[in-house]
Amino acid sequence: MSVAAPEKTTVDRLARVITEVFAPTIWAVTMPFVFAIEQTRSVTGVWWALLAAIPCALIPYGIVRYGVMRGALTDHHIGRREQRRTPLLLAIASVLAGLLLIWLLKAPSHLIGIIVVMLGVLTLVMLSNLVWKLSVHAAVAAASTTGLIWLFGPVLLIGVPVVAAVAWSRVRLADHTWLQVAAGTAGGAAVAMLLGPLFF
C-alpha cells in the first residue's frame, strides 16, 4: 500500500490528529502509568511505570525513529508492510526484556498484566504481518481500552468510541482498509479479554 497523500481537508486533518494522539506509542507510554498507579495508589507506581515504559515504549519508538532517519522506514507508522518485520521483532525483544525485568523486581501485578497484553498484541501483529497488514493502531487501541474496562469496570466503555475514531482515521488516511482495522480491533480486544482476567 502506498503512502497516503498529504491531508487537504479539515476532515483529513482531524483524522491525522486522531491517528497521532492515539498512536500505539502514546498508549504504550500511558498504560503502564494508569495500571501501576491504580494498584499502588502512591508515587511508587510512577517509578514502576517509568521502569516499564522505557523498554516497552520508548526503546521501540526509538528504533522506529532511527529507521526513519536512516531511510530504512518510510514513516514513523511504518506504512509499508514489508518494512515492519525487523522493528516488530526488536520491539518484541525489548518488551520481553522489560517484562522479565519488572517481574524479577516484583512489580505490581496490574503493571505486569498490561505489559503481557502489549506483548500479546505485538506477537499477534508480527504473525499477521507475515501475510497481511493488520492495523497496529486499531489493535493497540482496542487492547488498551479492553484492559481499562477490565480494570475500572463498564464505565470505561466510554472508550469504545475512541477505538472507533482511531479505526476511522486509519481508513480515512488511506493507511488501512476497513477489513484491516476491523481485524486489528477484534484481535487486540481478544488478546486483552483472554489475558486480562489473569492479572486484573
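**View A. D175 is buried, at a relative accessible area of 11%.** Buried stands for under 20% relative accessible area, exposed for over 50%, and partly exposed for values in between, computed with a 1.4 Å probe on protein chains only. The model is predicted: local features need pLDDT of at least 70, side-chain atom pairs count only at pLDDT 80 or more, and totals for chains, interfaces and linings use all residues. Residues are numbered from 1 along each chain as its sequence is written, and side-chain values use heavy atoms, with hydrogens and water left out. D175 forms a salt bridge with R170, and their closest N and O atoms lie 3.0 Å apart. A salt bridge here is a side-chain nitrogen of Lys or Arg within 4 Å of a carboxyl oxygen of Asp or Glu. R170 is buried too, at 2% relative accessibility. Four salt bridges are counted by this rule.

View B. Helices are DSSP runs of H or I with at least four residues, strands are runs of E with at least two, and numbering goes from the N terminus. The 13 residues of α7 reach 18 Å from first C-alpha to last, close to the 18 Å expected at 1.5 Å a residue. The expected span is 1.5 Å times one less than the number of residues in the helix. V163, V166, A167, S169 and R170 are the buried residues of α7. The arc is taken from the directions between the helix axis and the C-beta atoms. These buried residues pack against α1, α6 and α8 (178–199). After α7 comes A174, with a positive phi near 65°.

**View C. Helix α1 (residues 10–21) has a span that agrees with expectation.** Its twelve residues should span 16 Å at 1.5 Å a residue, and its end C-alpha atoms are 16 Å apart. D12, A15, I18 and T19 are the buried residues of α1. They cover an arc of only 120° around the axis, which puts them on the same side of α1. An α-helix has 3.6 residues a turn, so residues three or four places apart point the same way.

**View D. A salt bridge joins R172 and D12.** Their closest N and O atoms are 2.7 Å apart. The pair links distant parts of the chain, with R172 in helix α7 and D12 in helix α1, 160 residues apart. R172 is partly exposed at 39% relative accessibility, whereas D12 is buried at 13%.

**View E. R16 and E20 meet in a salt bridge through their side chains.** The N to O distance is 3.3 Å. R16 and E20 are four residues apart in helix α1, which means that about one helical turn separates them. R16 is partly exposed, at 22% relative accessibility. E20 is also partly exposed, at 28%.

**View F. The largest nonpolar core has 44 residues.** A nonpolar core is a set of buried Ala, Val, Leu, Ile, Met, Phe, Trp, Tyr and Cys residues joined through side-chain atoms within 4.5 Å. I102, L111, I115 and V121 have the most contacts inside the core. At least two residues each come from α2 (24–40), α3 (43–70), α4 (85–104), α5 (109–129), α6, α7 and α8. The most come from α5, which gives twelve. Apart from neighbours within four places in sequence, I102 is in contact (heavy atoms within 4.5 Å) with W48, L51, A52, A107, L111, I112 and I115.

**View G. I92 sits in helix α4.** I92 is buried, at a relative accessible area of 17%. With neighbours within four places in sequence left aside, its contacts are L119, L122, T123 and M126.

**View H. Two of the segments listed in UniProt as "transmembrane region" (unreviewed entry) are residues 111–132 and 139–166.** The UniProt positions follow the numbering used here, feature names are shortened, and annotations may be inferred rather than shown by experiment. Over residues 111–132 the chain is 86% helix and 0% strand, with end C-alpha atoms 30 Å apart. Over residues 139–166 the chain is 75% helix and 0% strand, and the end C-alpha atoms are 10 Å apart.
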